[in-house]
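The sequence and structure are shown first.

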Amino acid sequence: MKPLRIAQISDFHVTHLTWNPLRLFSKRILGNLNWVFHRRNRFSEEPLRALIPLLPKLELDWIFLGGDLTTTSLPEEFAKAKAIVNQFPAPCIAVPGNHDHYTYPAYYQKRFYRSFANPTPDSPFRLAEHGVEAHRLNSSYWLVALDTALATNLYSSRGLFSEQQEASLRQLLTSLPPNASILLLNHYPFFQNDVRRHSLKGGEKLEALIRKEPRIKAYLHGHSHRHTIADLQPSGLPLLLDSGSAADQEIGTWNLLTLDDEKIQIDLYRWNGQWRLSSSEQIFWQRKS
Ligand SMILES: [Fe+2]
Ligand SMILES: [Fe+2]
């Protein structure tokens with residue numbers, strides 16, 4: 001079988017500042033102030049634009065986008081993020097982050113989904129309607145994408161794994177082949193050791209579901225902006241891969257994943273004025289379907 005090659009990229013935080021008072025009458029004012037005081041020197045579109053000539057050299061089959069493609073969910077930000085993604089050389093599957101459902105109007109208008117339409121899923125469930133959908137990646141691998149982001153009050157960036165979503169996910173997993181190898185893509189990590197107001201409500205239920213489902217080989221996420229590879233297979237959980245933020249000028253990262261039936265290779269790319277391959281690691285699957 002030809003190995004599957006996937007770029008895991010996340011947390012663009014593309015920004016369009018507005019000081020129009022009508023558009024600031026929301027959580028957006030906090031987002032703008034946060035950007036001006038904390039993030040202006042941190043996030044840049046330069047690393048994102050530098051991906052455009054690099055990615056075509058990597059023979060990618062798929063690109064997974066882990067959310068927070070925008071900062072305050074403005075249409076201008078979605079347009080800028082989409083203009084970059086449109087130049088990527090492989091089909092993209094995107095999940096929204098909390099910054100893509102930043103305000104209540106953006107959330108209820110499904111602004112994210114109007115900009116980032118995934119290929120038609122291979123499941124009756126749709127991310128925009130049910131918060132979950134599945135894509136067949138090749139003869140062995142499936143991607144299950146989750147949307148656990150929602151608009152929240154001023155100080156919270158919590159996500160929610162709801163009971164309804166849990167029921168849909170269980171039903172969807174039942175419909176996948178018994179020998180499928182599943183990758184799960186979500187903006188939020190499921191573990192609860194992050195600051196409570198930034199974490200995923202219901203994360204422990206998602207963890208329990210994943211623990212009982214050995215077909216799930218890896219859990220891919222963003223949100224924390226810290227690159228992490230955590231092989232939790234010895235403790236009954238999948239491999240956790242946090243790709244970090246690809247737009248962070250200081251610690252920008254993303255992963256090139258190469259998968260065959262037995263293992264995954266993770267090539268870590270780091271930003272240092274240009275993208276460089278920083279390290280490679282191979283991990284063999286231990287969870288048996
Ligand atoms: Fe983020
Ligand atoms: Fe986030």
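Predicted model: local features only at pLDDT ≥ 70, side-chain atom pairs only at ≥ 80, totals over all residues.

The open sheet is built from 6 strands in the order β3-β2-β1-β12-β13-β14, with mixed pairing. Its edges are β3 and β14 (275-284); each has a single partner strand, so one side of each is left without a neighbour in the sheet. On average, neighbouring strands of this sheet are turned by 20° against each other, direction ignored. Within the sheet, strand β1 (residues 4-9) pairs with strand β12 (residues 253-259) in the antiparallel sense, and Ala-7 has Leu-256 in β12 as its bridge partner.

Strand β9 (residues 216-221) has 6 of its 6 residues buried, so β9 is largely enclosed by the rest of the structure. Strand β7 (residues 181-185) runs parallel to β9, with Leu-184 opposite Tyr-219 of β9. Strand β11 (residues 239-242) also pairs with β9 in the parallel sense; here Leu-220 has Leu-241 in β11 as its bridge partner.

| Strand pair | Sense | Bridges |
|---|---|---|
| β1 and β12 | antiparallel | 5 bridges |
| β7 and β9 | parallel | 4 bridges |
| β9 and β11 | parallel | 4 bridges |

Helix α4 (residues 75-85) has Glu-77, Phe-78, Ala-81 and Val-85 as its buried residues. These cover an arc of only 100° around the axis, which puts them on the same side of α4. The buried residues of α4 pack against β2 (62-65), β3 (92-94) and α6 (111-115).

Definitions and conventions. Residues numbered from 1 in each chain as written. Chains lettered and ligands numbered in written order. Buried ≥ 20, exposed ≤ 12 C-beta atoms within 10 Å, placed from the backbone. Helix = DSSP H or I, 4+ residues; strand = E, 2+ residues; numbered from the N terminus. Arc of directions from axis to C-beta. Contact = placed C-beta atoms within 7 Å. Pairing = 2+ DSSP bridges. Axes fitted to C-alpha atoms, helices over the stretch in contact; angles between N-to-C directions.
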